[in-house]
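Okay, thanks everyone for coming. Let me put the structure up, and then I'll walk you through the strands and some of the aromatic rings.

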Amino acid sequence: MTKFLQKEIKLSAKRRGFHLVTDEIMSEFSEISEIKKGMLQVFIQHTSAGLTINENADPTVREDFESHINKMVPEKQPYYKHTLEGADDMPAHIKASLMGTSLQIPVTNGKLNLGTWQGIYLCEHRDSGGSRKLVLSAWGE
């Protein structure tokens, strides 16, 4: 019989950058241990932060992500019209769309079935984004 679990959690506030949050997510969603074979969807309820999966061992990968995305989507461009919330806001919306708002990860024997060097990143694109809300939905046998 298929189970469906859902929980909303709040991540602690992070500075601007790419942050490994796999452990923070899983510590808030122990119910996932009930799923032997299934999927986890992680959805972020914000338009200026995103999610991605990448390298979980070397922190310089996250630093390089931040450096590169800031060159791809610079602040203070004269063509930005959405500027009332600060110079980092419109670029944050674009960056969040490039990264995406949700991830789908296989669950095997109550654990995320990520690759050896993979982890979930919170991509915080605002200087002061505050805590971020996630909806975690897991389903399976």
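Helices (H or I, at least four residues) and strands (E, at least two) are DSSP runs, numbered from the N terminus. Bear in mind that this is a predicted model, where local features need pLDDT of at least 70, side-chain atom pairs count only at pLDDT 80 or more, and totals for chains, interfaces and linings use all residues. Residues are numbered from 1 along each chain as its sequence is written, and side-chain values use heavy atoms, leaving out hydrogens and water.

Now the rings. A pair of aromatic rings is described by the distance of the centres and the angle of the planes. The cut-offs here: rings of Phe, Tyr and Trp (its six-membered ring) pair if their centres lie within 6.5 Å, and planes under 30 degrees apart count as stacked, over 60 as edge-to-face and the rest as tilted. Searching the whole structure turns up five aromatic pairs. Take F18 and F65: their ring centres are 5.1 Å apart and the planes sit at 40°, so that one is tilted. F18 is in strand 2 (residues 17-20) and F65 in helix 2 (residues 59-72), so the pair ties together parts 47 residues apart in sequence.

What about burial? Buried means under 20% relative accessible area, exposed over 50%, and partly exposed in between (1.4 Å probe, protein chains only). F18 is buried at 6%, while F65 is partly exposed at 23%.

F65 also pairs with Y121: centres 5.7 Å apart, planes at 80°, so edge-to-face. That pair links F65 in helix 2 with Y121 in strand 7 (residues 118-124), 56 residues apart. Y121 is buried, at 0%. Put together, ring pairs join F18, F65 and Y121 into a cluster.

Last stop, T52, which lies in strand 4 (residues 49-55) and is buried at 15%. Which residues does T52 contact, leaving aside its neighbours within four places in sequence? With contact meaning heavy atoms within 4.5 Å, T52 touches M99, L103, G119, I120, C123 and our ring residue Y121.
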